[in-house]
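Hi everyone, thanks for coming. Let me put the sequence and the model up, and then we'll walk through a few features together.

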Amino acid sequence: MEEEYVEELHKPSTEEGEEDSASAAAFVASLGIDSSGNECEMVGLSDFFLKIRNLLIVNASKRTTVCISGMAGIGKTTLAKKLFHDPIIKENFECLAFVIVGRKYKLEEILRAIIAQVHLDGDEMIMGESVDFEEYLKRILSGRRYLIMLDDTWDLSFFLDLKCALPNEDNGSRILVISRKTRTIEPGVRNGYSFTMPFLDEKESWDLLKTKVFGEEEFPYRFMKAGKKIAKNCEGLPLLILVVTAKLLSGE
């Protein structure tokens, strides 16, 4: 998995012919947290979740950027989705948007995705090709406390352009950036915090495995020793635990 991860990081970008379909998929995905509209389930990392949530809602007027980095499969997107759905987060922000950036992106599409989510019915929504989306988004967000989540971010240099479209009115607005890259705060980004997503500990790994295998049912005692050994050998990577669980359930 480590070799595949390194290969993925250095893999060339998608071909031009694939760009439009990938961008369209990202735009559609950005409008909803998942295809069913259900809240994402997160097992483990409760302390880290609370730490990030408290930083987002803390009573500080300066606009703050929070960046979370970590390897693929460690649960960054799941954490962001959980934050997006959290009732306390919703109470603290007037406007929320969750946007999948991707390796190849267009700033205009990111702006359009944000506008589609923070636009209020009382405003006239304009999405034509001749629209200045930066000014349009700035007008919509002006005077409102917002939280913008940017998931799957590869090249953080675009953020310097994006922030020009996000009003900085010292009203406690927040920007959450999710990235695989370890260097998350770019030069010129003030009031920023960087965190590395931690791995699950043994107890959290075990809780995730038994939840995915047996749900709310009691884990059979005869499988307990083998199950805990599997959870331990996955070394705290949620994706690996889920892959092993899927193979167990499929009987492979």
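So, to start: are α6 and α7 roughly parallel or roughly antiparallel to each other? Before I answer, a word on what's on screen. This is a predicted model, where local features need pLDDT of at least 70, side-chain atom pairs count only at pLDDT 80 or more, and totals for chains, interfaces and linings use all residues. Residues are numbered from 1 along each chain as its sequence is written, and side-chain values use heavy atoms, with hydrogens and water left out.

Okay, the helices. Helix α6 covers residues 107-118, helix α7 covers residues 133-141, and they pack at about 25 degrees with axes 10 Å apart. The axes are lines fitted to C-alpha atoms over the stretch in contact, and the angle, from 0 to 180 degrees, is between N-to-C directions. So α6 and α7 are roughly parallel, a label for angles under 35 degrees.

Who touches whom? Contact means heavy atoms within 4.5 Å. On the α6 side we have L107, E108, L111, R112, I114, I115 and V118, and they meet F133, E134, Y136, L137, I140 and L141 of α7.

Now look at helix α4, residues 76-85: seven of its 10 residues are buried, so α4 is largely enclosed by the rest of the structure. Buried means under 20% relative accessible area, using a 1.4 Å probe and protein chains only. The buried ones are K76, L79, A80, K81, L83, F84 and H85.

Zooming out, the protein chain has 252 residues, 42% of them buried. It holds 11 helices and five strands; these are DSSP runs, H or I of at least four residues for helices and E of at least two for strands, numbered from the N terminus.

Terms used. Buried < 20%, exposed > 50% of the residue type's maximum accessible area, 1.4 Å probe, protein only. Parallel < 35°, antiparallel > 145°, perpendicular 65-115°, else oblique.
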